[in-house]
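Please read them with the structure open.

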Amino acid sequence: MLTRRSLIGAAAAAPALLSFGRAGALSPEQLFSFGVASGEPTSDGVVLWTRLATNPLADDGGMGTVRVPVRWEIYGDENASTPLRAGSAVAESGWGHSVHVEVSGLQPGRPYWFRFIAGGEASPLGRTRTTPGRDSMPDRLRFCYGSCQKYEDGQFGAWANTVAEDPDLIVFLGDYIYEENPSVGTPRVHLNPAPVDLAGYRIRYATYRLDPLLQAAHATAPWIMTWDDHEVINDYADLADQHNIDPALMALRRAAAYKAYYEFMPLRALSRPRGPDLRLYRTLDWGHLAQFQVLDDRQYRSPRGCQSHKRGQMSVSLVKDCPDLHDPSASMLGAAQENWLMDTLSATRARWNILAQQTQITPYPRRDPDNPDGPANMQTVDTWQGYQASRERLFAQWQDAKVSNPIVIGGDIHAFVASDISYRGKALAPCFVGGSITTQAGDHLLERNTADLPAYRFARNNVRGYGRIDVMPSHCEIAFRALRDPLDARTSAYDLKKYVVENNNPVMQTT
Ligand SMILES: [Fe+2]
């Protein structure tokens with residue numbers, strides 16, 4: 001049996017592979033600058049992640065082209081004295097010296113601890129968890145979810161509070177980075193110009209991932225994540241950006257952004273990008289208690305409706321209604337993902353079916369910001385509102401396949417919103433959006449617009465925070481957790497709003 005000492009010895013015995021940096025000057029802080037993470041848990045395994053960097057804000061992490069052997073070890077307790085399992089991987093420059101280890105053969109429904117060892121140094125210890133057994137009905141799943149963490153808009157106190165919630169799982173719903181140019185006078189400032197290539201996106205992710213509170217959240221529980229637009233560029237749809245640039249250029253940019261995303265996230269080989277393509281839609285089962293259907297509503301969507309797509313012309317996100325918005329061929333998910341989702345919803349045996357996706361899905365007609373006293377006759381074509389036939393096919397499938405307890409969670413709009421989804425005159429599912437980890441509100445008429453809409457229970461866009469959901473066989477408890485001061489990394493969170501959803505009753509109750 002390999003001991004930790006012998007593993008370190010084995011790594012140290014490969015000096016030819018370790019000729020980077022200042023000889024003899026490596027320390028955990030230098031080599032494991034980005035900490036550790038885990039994700040994609042199953043009942044018998046999980047992905048363990050790290051990324052080696054001696055100069056973390058350099059596009060190559062200061063690592064050059066060296067290949068580095070990396071040991072990983074998994075432990076049954078936090079003392080981390082005797083590994084239960086161990087193995088080796090190689091960190092290569094082609095993948096930014098990231099390491100994605102897909103561990104299998106673990107026991108269901110229990111925590112594990114893990115670390116990496118490279119260059120004679122050990123990484124910080126991470127904690128992860130397997131999901132309960134496939135046929136089990138666990139008593140409870142606690143997960144926290146968040147989205148929209150613009151580095152410039154505040155501190156990541158939401159993540160410190162998330163760690164304190166001791167979640168089994170963390171769900172991230174998009175806008176992990178913002179791709180924009182550095183601002184002036186914001187609480188924090190992006191360190192590089194708006195990225196357009198792999199080097200730029202790597203530096204942007206590194207900026208975020210050096211934050212110790214974000215690292216702590218990645219080290220406390222496994223994550224499952226999807227993206228929204230800002231991981232590439234604002235409001236993109238497939239290969240169309242907001243300015244309708246040459247799709248060939250957009251494909252290059254998307255490929256760079258997707259590659260950097262994969263390098264920084266604890267994803268499976270299933271999600272290893274090929275050029276501008278990366279498979280991100282998938283399910284995660286928590287025994288029979290819950291299934292997450294994780295969507296990617298950016299990569300395959302049709303062009304935004306009710307406007308021309310002339311090369312170089314700026315597109316708009318708010319339009320008056322037009323036939324495009326109801327066109328059955330206008331797709332939010334693309335045909336392959338939509339077919340997968342329909343099949344998944346037909347087959348699920350989970351009591352709670354949680355649709356983990358980017359944005360607000362409940363119908364939301366808006367007032368024109370330039371005419372705030374006028375009628376609510378504008379549509380946001382960048383959301384499901386621009387792909388209404390797609391949305392109706394999803395709602396119909398929930399009804400027709402008698403999907404047990406659908407619940408939607410979303411992000412994107414930098415607000416906490418609770419709403420009821422109905423279809424064909426029947427209540428169908430609750431939707432809980434938010435919060436935004438840091439990003440400031442964009443829709444300043446949100447509270448006023450939703451006050452007129454019976455489907456909307458609550459909307460608040462002047463607070464930042466995250467959601468916490470306790471899923472039990474009999475009911476779910478949902479808490480919107482708001483931060484007292486989003487500019488203070490040590491801020492505390494409080495219950496802004498709490499709801500209960502009972503089994504077999506899609507209408508939420510306020511508590
Ligand atoms: Fe956002």
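1. Along the chain of this predicted model, the donors of the iron ion follow the spacing C-x26-D-x2-Y-x235-H. The residues concerned are C148 (SG), D175 (OD), Y178 (OH) and H414 (NE2), which coordinate the iron ion at 2.0 to 2.6 Å. C148 sits in the loop between β9 (141–146) and α3 (157–164), and Y178 in the loop between β10 (169–172) and α4 (198–209), so these two tie together parts that are 30 residues apart in sequence.

2. The geometry of the iron ion site is irregular, with angles of 86 to 169° among its 4 donor atoms. Are C148 and Y178 buried or exposed? C148 counts as buried because its relative accessibility is 0%. Y178 is buried as well, with a relative accessible area of 1%.

3. Seven strands make up an open sheet with mixed pairing, in the order β12-β13-β15-β17-β19-β18-β20. Its edges are β12 (282–286) and β20 (456–460), each of which pairs on one side only. On average, neighbouring strands of the sheet are turned by 25° against each other, direction ignored.

4. At one end of that order, β12 and β13 (residues 290–294) run antiparallel and are joined by 5 bridges. For W286, the bridge partner in β13 is A290.

5. Two helices lie across strands of the sheet. Helix α7 (residues 335–347) lies across β12, β13 and β15 (352–356), and runs at about 175° to β13. Helix α8 (residues 388–400) lies across β15, β17 (406–410), β18 (416–423) and β19 (426–433); its angle to β18 is about 70°.

6. How many aromatic pairs does a search of the whole structure find? The count is 27. In one of them, Y205 and Y261, the ring centres are 6.3 Å apart and the planes stand at 70°, so the pair is edge-to-face. This pair links distant parts of the chain, with Y205 in helix α4 and Y261 in helix α6 (residues 247–264), 56 residues apart. Y205 counts as buried, at 0% relative accessibility, and Y261 is buried with a relative accessible area of 0%.

7. W227 and Y258 form a stacked aromatic pair, 4.1 Å centre to centre with 25° between the planes. Here too the link is between distant parts of the chain: W227 is in the loop between β11 (223–225) and α6, while Y258 is in helix α6, 31 residues apart. Both W227 and Y258 are buried.

8. Ring pairs also build a cluster, which consists of F34, W159, F172, Y176, Y205, W223, W227, Y258, Y261 and F264.

9. Some backbone details deserve a look. The peptide bond from G434 to G435 is cis, with omega near 5°; G435 lies in the loop between β19 and α9 (446–451).

10. Positive phi values occur at C306 and D412, neither of which is a glycine. Phi of C306 is near 65°, and this residue is in the loop between β13 and β14 (318–320). For D412, phi is about 75°, and its place is the loop between β17 and β18. C306 counts as partly exposed, at 21% relative accessibility, whereas D412 counts as buried because its 16% relative accessibility is under 20%.

Key:
Residues numbered from 1 in each chain as written. Predicted model: local features only at pLDDT ≥ 70, side-chain atom pairs only at ≥ 80, totals over all residues. Heavy atoms only, no water. Donors = N, O, S within 2.8 Å, 3.2 Å for Na, K, Ca; no water. Tetrahedral: all angles 85-135°; square planar, octahedral: opposite > 155°, others 65-115°. Helix = DSSP H or I, 4+ residues; strand = E, 2+ residues; numbered from the N terminus. Buried < 20%, exposed > 50% of the residue type's maximum accessible area, 1.4 Å probe, protein only. Pairing = 2+ DSSP bridges. Axes fitted to C-alpha atoms, helices over the stretch in contact; angles between N-to-C directions. Contact = heavy atoms within 4.5 Å. Phe/Tyr/Trp six-rings, centres within 6.5 Å; stacked < 30°, edge-to-face > 60°.
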